[in-house]
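Here is a friendly walk through some charged pairs and helix contacts. Have the model open as you read.

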Amino acid sequence: MASLSIATTLPLHFPCRPPTAATVGVTPVICGPRDNRGKLLRGRSLTTEAILAVQALKRAAAAGDDPKVDRIFASDFSRLVKSDLLAALRELQRQDQSRLALKAFAAARSEPWYRVDLNLYAEMVSTLSRCGSPHEIDTLVADLMEEEGWLSADTAKGVPRLVRALTAAGRGKVVANVYREAKRCAFEPDEYLFKFMIRGLKRLGQEAAAAEVERDYQLWLECGCFPVETLPV
């Protein structure tokens, strides 16, 4: 038993194979556990159906075949489940396919499950801004404010992100319009949003709107009330 115990504690030595011409200068590759891989980014996991739809849309658009693009949206794209449709939309946005992304966003808004999501609008604004489409941004936000119940307790959390996206896109008048409509809906900004809009509107040359927001901010600080009135256009 003692000899067995000693034997088991001795280190094991394996003979090394001598280097050959094929292995000289080759750097060994050490593989770690696969569990160390980083997580997939949210919204970037595409199913096969979503990938095929995106690829088909891009091929048709590259060929200038608008009727085929419309057919794909009416068939393949419309059959995607909610998660796949939104993932395909984000992929088109990521690739700066703004025209296709706008159509995809319109398709999402026509689905029975769709509810107003200001974060989706903010992402669309950022895409259009990167692609140099300011007029499409104005139209998109105008359509938003025509949607029934676009600003409610459920959607109000998305207002700051939408305002930031519009400010980054340089759409000062649209920011002022969003603020005006939000006031009509009794939306009350917090201190961060007040200060951000004041700075942003001034930077974008909207002095009258910035002064109005600043007056509202002072009133909000002094008496804790928020006026429901309109901004000068």
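Glu91 is buried, at 8% relative accessible area (buried means under 20%, exposed over 50%, partly exposed in between, with a 1.4 Å probe and protein chains only). Its partner in a salt bridge is Arg94, at 2.6 Å from N to O; Arg94 is partly exposed at 43%. A salt bridge here is a side-chain nitrogen of Lys or Arg within 4 Å of a carboxyl oxygen of Asp or Glu. Both residues sit in helix α4 (residues 82–94), three residues apart. Helices are DSSP runs of H or I with at least four residues, and strands are runs of E with at least two, numbered from the N terminus.

This is a predicted model: local features need pLDDT of at least 70 and side-chain atom pairs 80 or more, while totals for chains, interfaces and linings use all residues. Residues are numbered from 1 along each chain as its sequence is written, and side-chain values use heavy atoms, leaving out hydrogens and water.

Lys183 and Glu212 form a salt bridge, with their closest N and O atoms 3.8 Å apart. The pair links helix α9 to helix α11 (residues 207–223), across 29 residues. Both Lys183 and Glu212 are buried.

Lys202 and Glu214 also meet in a salt bridge, at 3.6 Å. Lys202 lies in helix α10 and Glu214 in helix α11, so this pair ties together parts twelve residues apart in sequence.

## A helix contact

Val163, Leu166 and Thr167 in α8 meet Val174, Val175 and Val178 in α9, where contact means heavy atoms within 4.5 Å.
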